[in-house]
Amino acid sequence: MGTEDIEDIVVIGAGLAAVSAIEALRDEGYAGRLTLVGKEPELPYERPQLSKDFLSGAKEFKLSHDEAWYAENDVTVLTGTTATALDLDNGTVTLDNGEELPFGTLLLATGADPKTPPIPGIENAVTLRTVEDARDLKDAIQPGTRVVTVGGGWIGLEVAASATALGGKAVVIEALAQPLLNVLGPTLAEHVAALHTRHGVEIHTGTTVEAIEPGVVRTSAGEIPADIVLVAVGAAPATELAAQAGLEVGDGVVVDERLRTSDPRVFAAGDVALATHTVHGPLRVEHWDNAIKQGRLAARTMLGKDGVYDWQPYFFTDQFEFSMEYVGRSAPDDEVLLRGDTEGDEFIAYWRRGATVTAGMNVGIWDVNDKLRELVGTDADPDQLTDMS
């Protein structure tokens, strides 16, 4: 199939996977009609800034591209618009204004929505997913404001660090024995927890939330005063549109290793895609790097070009002086090997299952992540991994 054979590509969603697909479609020579449908009033932007640089005040908010770029690339952008239904038989997308968009090929990049657990008083809490959420949160944090995050994952900890930078008092409530325990394992989870404690963050582990009330969070360990409560306990893929249309869904829209759904004209990428990884099998990843690469892969697949979902998961974070990159997919009980200065936050961590390296993380050491990526999935001797020479 050549690029001249494809007509009317519609992209639903306006996150990083969506804009990466649009960039790749034009770069790969697709010259047909291209429409992006996004429910937010903003043009596409990258979300990591929302809990990091933008929230902390270190940088201004930044779009992926300005209006001129979309005009120059002949992309119709419908912001503030929600797709309400897919008609796969007739090849149309119904919008919330009643308009129907025809499509020959469709990309679902609808992302994920913050989970809101059934906690009494959940309406007294906020979530962080959009730039509007981040603006409201940033404006609300003043010196001395007590910001309580329910959940000690990446978003919860990044918000705690950013709130501290703004002069607020950060509190983290985590149900597990340590924040990030299921991601990093006990050794490095304790390292990150100690980092936050040193900076004045109050961490309550092994603690569950029983109710959220104005000015207080009631927990299994007692009452915790709160001016702002942020719920950050994960995100659920936005699969409703796909499910209503009869596409196969699970923990995400089910796609193969080339991001094709159960309908040959429809693809999915980014946070919403439960994609078939060539090594790990069905895998849904909610990270910046994955959104970029899956957007590009979806574009190439649409145009009949080569490519499969074969890269290792990658993510990064910045929390106080802890700045790191992680690649691979480890389990909490994997062996952890450390190399370098852990006290100075300049070290490399390796995870092994048996002799096989399952993941690597560089902290405060740069230009080594590509080498770590090459190591993941290979067998390595522990002495070689930790030998500083």
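**Entry 1: the cores**

I began with the largest nonpolar core, which has 56 residues. By nonpolar core I mean a set of buried Ala, Val, Leu, Ile, Met, Phe, Trp, Tyr and Cys residues joined through side-chain atoms within 4.5 Å. Buried stands for under 20% relative accessible area, exposed for over 50%, and partly exposed for what lies in between, with a 1.4 Å probe and protein chains only. Ile12, Leu86, Val93, Leu106 and Leu108 have the most contacts inside this core. Helix H1 gives the largest share of this core, eight residues. Another core, of 21 residues, lies apart from it, and I noted Leu157, Val172, Phe347 and Met361 among them.

I then picked valine 93 and listed what it touches, leaving out residues up to four places away in sequence: Val10, Ile12, Ala83, Ala85, Leu86, Glu99, Glu100, Leu101, Phe103 and Leu106. Contact here is heavy atoms within 4.5 Å.

A note to keep beside all of this: the model is predicted, so local features need pLDDT of at least 70 and side-chain atom pairs count only at pLDDT 80 or more, while totals for chains, interfaces and linings use all residues. Residues are numbered from 1 along each chain as its sequence is written, and side-chain values use heavy atoms, with hydrogens and water left out.

**Entry 2: the whole protein**

I counted eleven helices and 26 strands; these are DSSP runs numbered from the N terminus, with helices being H or I of at least four residues and strands E of at least two. Along the principal axes, the C-alpha atoms fill a box of roughly 60 × 55 × 35 Å.

Of the 389 residues, 52% count as buried. I also looked at contacts with a separation of 6 or more, and 62% of them join residues 24 or more positions apart. The accessible surface comes to about 16800 Å², with 48% of it belonging to carbon and sulfur atoms; the areas come from the Shrake-Rupley method with a 1.4 Å probe.

Helix H9 covers residues 288-302, and its 15 residues should span 21 Å at 1.5 Å a residue. The expected span is 1.5 Å times one less than the number of residues. The end C-alpha atoms of H9 are 22 Å apart, which agrees. H9 is mostly covered, as eleven of its 15 residues are buried, including Ile292, Leu297 and Met302. Its buried residues pack against strand S1, helix H1, strand S7, S19, S20 and strand S22. Glycine 304 follows H9 with a positive phi, near 75 degrees.

Helix H6 got the same check: its twelve residues, 154-165, should span 16 Å, and its end C-alpha atoms are 17 Å apart, which agrees. H6 is mostly covered too, with nine of its twelve residues buried, including Trp154 and Leu157. Just after H6, glycine 167 takes a positive phi of about 95 degrees.

**Entry 3: aspartate 271**

Aspartate 271 sits in the loop between strands S19 (266-268) and S20 (273-277). Is aspartate 271 buried or exposed? It counts as buried because its relative accessibility is 13%. Its side chain makes a polar contact of 2.9 Å with the side chain of arginine 129. A polar contact is a pair of N or O atoms within 3.5 Å; within protein, one must be able to donate a hydrogen and the other to accept it, and residues adjacent in sequence count only if both atoms are side-chain atoms. Aspartate 271 also touches other residues, including Pro237, Arg284 and His287.

**Entry 4: loop residues**

I looked up two residues other than glycine with a positive phi. Aspartate 74 has a phi near 55 degrees and lies in the loop between helix H4 and strand S3. Leucine 180 has a phi near 65 degrees and is found in the loop between strand S10 and helix H7. Aspartate 74 is exposed at 53% relative accessible area, whereas leucine 180 is buried at 6%.

My last stop was tryptophan 366, in the loop between strand S26 and helix H10. Tryptophan 366 is partly exposed, at 43%. Leaving aside neighbours within four places in sequence, tryptophan 366 is in contact with Ser323, Met324 and Glu325. Methionine 324 is 42 residues from tryptophan 366 in sequence, and their C-alpha atoms are 8.7 Å apart.
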